[in-house]
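I opened the model and kept notes as I went. The entries follow in the order I looked things up.

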Amino acid sequence: AAVTTEAVAQERTPAMLIGELAHRFLENWDFGGDKNLLHNQLGAFLRVSLPSEYSQAASSIGEELEAILERFVKSNIYAELSKARILGREVPLLMPWNGQIMEGVIDLIYERNGLLYLADYKTDRIKATDLRLGGERYRQQAEIYSEAARRSLRREVAAFKLIFLRLGETVDVDLSPEKELWLFSR
């Protein structure tokens, strides 16, 4: 049975929509460009990208998304990305993993100082005090995505970074099982 756009829209929560829009906006955002263009570019993006069924909530969605992205552009990870070489955005992966086929999308692959990094944007509503736990929740994703990058790029991954956009905070997921998560704040 085919799934209609209306059925999908009814299943999508406002939080899911905000996350989806943040990912789509950042897919084309120039980290090395003028951060002052955020407001205008976000407005133009929302005019063409916001599903019509959310038109009544366009103002509140736009305000929330802008607040999230403004926090992000002031963060240390944003400063790092502005100086990095971006190798890929929204890179699909499909690979065997422990007898299963894993499918996903790596939000960002970049290089800095000759090292390879993967990053995943999170729009979770999370307290700063819970970032380590939040990071732990995504450890398996970090392992799978890092292995996919290793296999396809034939390079070691220096770090997998969870970028919690709402807080402008980053958690590096160390893929060594004996090490803890490290928190880097803005």
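Does Glu 136 count as buried, partly exposed or exposed? I looked it up: at 39% relative accessibility, Glu 136 counts as partly exposed. My cut-offs are under 20% relative accessible area for buried, over 50% for exposed, and partly exposed in between, with a 1.4 Å probe and protein chains only.

**Entry: ground rules.** I am working on a predicted model, where local features need pLDDT of at least 70, side-chain atom pairs count only at pLDDT 80 or more, and totals for chains, interfaces and linings use all residues. Residues are numbered from 1 along each chain as its sequence is written, and side-chain values use heavy atoms, with hydrogens and water left out.

**Entry: overall layout.** I found seven helices and six strands in the protein chain. Helices are DSSP runs of H or I with at least four residues, strands are runs of E with at least two, and both are numbered from the N terminus. Along the sequence the pattern reads α-α-α-α-α-β-β-β-α-α-β-β-β. Of the 186 residues, 46% are buried. I then checked contacts, meaning heavy atoms within 4.5 Å. Among those between residues at least 6 apart in sequence, 62% join residues at least 24 apart.

**Entry: salt bridges.** I took a salt bridge as a side-chain nitrogen of Lys or Arg within 4 Å of a carboxyl oxygen of Asp or Glu. The count by this rule is 14.

I went back to Glu 136 with its partner. The side chain of Glu 136 forms a salt bridge with that of Arg 139, at 2.9 Å from N to O. Arg 139 counts as buried, at 14% relative accessibility.

Next I took Arg 166 and Glu 64, whose side chains meet in a salt bridge at 2.8 Å, N to O. Arg 166 sits in the loop between strand E4 (157-164) and strand E5 (169-173), and Glu 64 sits in helix H4, so the pair ties together parts that are 102 residues apart in sequence. Arg 166 is buried, with a relative accessible area of 16%. Glu 64 is partly exposed, at 24%.

Arg 151 and Glu 147 make another salt bridge, 3.0 Å from N to O. Both lie in helix H7 (residues 139-153), four residues apart, about one turn of the helix. Arg 151 is partly exposed at 41% relative accessibility, and Glu 147 is partly exposed at 22%.

I also noted a network of salt bridges that links Glu 80, Arg 112, Lys 161 and Asp 172.

**Entry: helix H7.** How far does H7 reach from its first C-alpha to its last? H7 has 15 residues and spans 21 Å, close to the 21 Å expected at 1.5 Å a residue. The expected span is 1.5 Å times one less than the number of residues. The buried residues of H7 include Arg 139, Gln 141, Ile 144 and Tyr 145. I checked what the buried residues of H7 pack against: strand E1 (85-97), strand E2 (100-112), strand E3 (115-122), helix H6 (131-137), E4 and E5. Arg 154 follows H7 and has a positive phi, near 55 degrees.

**Entry: positive phi elsewhere.** Glu 90 is not a glycine, yet its phi is positive, near 50 degrees. I placed Glu 90 in strand E1. Asn 113, also not a glycine, has a positive phi of about 50 degrees. Asn 113 is in the loop between E2 and E3, and counts as exposed at 69% relative accessibility.

**Entry: Gly 104.** Gly 104 lies in strand E2 and counts as buried at 13% relative accessibility. What does Gly 104 touch, not counting residues up to four places away in sequence? I listed Val 91, Pro 92, Leu 93 and Tyr 145. Gly 104 and Leu 93 are 11 residues apart in sequence, and 5.3 Å apart in space from C-alpha to C-alpha.
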